[in-house]
Structures are given as C-alpha cells and as structure tokens.
Amino acid sequence: MKTCLVVDDSKVIRKVARHILETLNFTVREAGDGREALDACLTDSPDVVLLDWNMPVMSGMDFLRALKESGISEKPKVVFCTTENGMAYIRAAIEAGADEYVMKPFDRETLQSKLQIVGVA
C-alpha cells in the first residue's frame, strides 16, 4: 500500500485529504507544519507528500528546500496543495522541487489525477 503524508495546518483539510486518500488505498500520516513533515520524512519517507504552502513554523517552500538538502535517499513525490494559483507561485514551487500542483478546494478526481501524473496512483 502506498503512503501519503498530508501536511497542512488546517485539521479540516487534513481530514478531507485523508478521507479521499484512504478511498484511493493510501496509508495516510499527517503533519501540521513543515517541521513536523520534515521529521516524518527523515524517520520514514512516504511515497508522496501533499503539501500546503502557508503554514506556521515552517512553510511548504521551506520544507521543500530542507527536504532537498536533507540527503535522504528515497525522496517522496511532492504535490503542492494550496489556494495560491498565480503562475509565479506554481513556477516557484516546481523550481523548489514540487512534482505537481493542485488547487484548493480539490475533489477525489482532481487529486487522483495529480497522483497519477506523479506516478503514485
């Protein structure tokens, strides 16, 4: 079974994402910010990370940079999941190491499509 780490400071978003991912047969773990997410990846790297942009403690962009510098051998695929939809945001996320980008709010079909694009669904 594939694993997904859902990283968002909103408990509601994590719950919605968990529900969708579990219907897609993912094992789901959660983190409330980028620091928790980085620690989780260093302990047991998931197949994919669903990553929020704006979070306290460590933002999604800071998490991506730290993940890149961490030296872990099995880097997860990263799907940015955010309300930021400007092309500059999308380009910055991809350049920082994100594999794909999904807009909030999202539904099962949209998320499944993005997971297929990055090769984990």
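Trainee: Where is the place of Asn25?
Mentor: Start with the elements around Asn25. Helices (H or I, at least four residues) and strands (E, at least two) are DSSP runs, numbered from the N terminus. Asn25 is in the loop between H1 and strand S2 (26-31).

Trainee: What pLDDT do local features need here?
Mentor: Residues are numbered from 1 along each chain as its sequence is written, and side-chain values use heavy atoms, with hydrogens and water left out. This is a predicted model: totals for chains, interfaces and linings use all residues, side-chain atom pairs count only at pLDDT 80 or more, and local features need pLDDT of at least 70.

Trainee: Is Asn25 buried or exposed?
Mentor: Take the cut-offs: buried means under 20% relative accessible area, exposed over 50%, and partly exposed in between (1.4 Å probe, protein chains only). Asn25 has a positive phi of about 65°, although it is not a glycine. Its relative accessibility is 52%, so Asn25 counts as exposed.

Trainee: What is the relative accessible area of Val57?
Mentor: Val57 sits in the loop between S3 and H3. Its phi is positive, near 70°, and it is a residue other than glycine. Val57 is exposed, with a relative accessible area of 68%.

Trainee: Which residue just after H3 takes a positive phi?
Mentor: Look just after the end of H3. There, a phi of about 80° belongs to Gly71.

Trainee: Is Arg14 buried or exposed?
Mentor: Arg14 lies in helix H1 (residues 11-23). Leaving aside neighbours within four places in sequence, it is in contact (heavy atoms within 4.5 Å) with Val6, Asp8, Asp9, Glu30, Ala31 and Gly32. Its relative accessible area is 13%, so Arg14 is buried.

Trainee: What is the relative accessibility of Asp9?
Mentor: Asp9 lies in the loop between strand S1 (2-7) and H1. Beyond neighbours within four places in sequence, its contacts include Arg14, Gly32 and Asp52. Asp9 counts as partly exposed, because its relative accessibility is 40%.

Trainee: How are H2 and H3 set: roughly parallel or roughly antiparallel?
Mentor: Two packed helices are described by the angle between their axes and the distance between the axes. Axes are lines fitted to C-alpha atoms, for helices over the stretch in contact, and angles run from 0 to 180 degrees between N-to-C directions. Under 35 degrees counts as roughly parallel, over 145 as roughly antiparallel, 65 to 115 as roughly perpendicular and the rest as oblique. H2 and H3 pack at about 25°, with axes 9 Å apart, so they are roughly parallel.

Trainee: How many charged residues does the contact of H3 with H4 have?
Mentor: Helix H3 (residues 60-69) and helix H4 (residues 87-96) pack at about 20°, with axes 9 Å apart. Met61, Leu64 and Lys68 in H3 meet Ala92, Ala93, Glu95 and Ala96 in H4. By class, the contact has five nonpolar residues, no polar ones, and charged residues numbering two. Nonpolar covers Ala, Val, Leu, Ile, Met, Phe, Trp, Tyr, Cys and Pro, polar the others including Gly, and charged means Asp, Glu, Lys and Arg.

Trainee: What covers the buried residues of H3?
Mentor: In H3, Gly60, Met61, Phe63, Leu64, Ala66 and Leu67 are buried. Their cover includes helix H2 (34-43), strand S3 (48-51), S4 and H4.

Trainee: What is the relative accessible area of Thr82?
Mentor: Thr82 lies in strand S4 (residues 77-82). Leaving aside neighbours within four places in sequence, it is in contact with Asp52, Trp53, Tyr101, Val102, Met103 and Lys104. Thr82 is buried, because its relative accessible area is 1%.

Trainee: What is the peptide bond from Lys104 to Pro105, cis or trans?
Mentor: Pro105 is in the loop between S5 and H5. Omega from Lys104 to Pro105 is near -5°, and the bond is cis.

Trainee: Which side chain does the side chain of Asp107 make a polar contact with?
Mentor: Asp107 is in the loop between strand S5 (100-103) and helix H5 (108-117). A polar contact is a pair of N or O atoms within 3.5 Å; within protein, one must be able to donate a hydrogen and the other to accept it, and residues adjacent in sequence count only if both atoms are side-chain atoms. At 2.7 Å, the partner side chain is that of Thr110.
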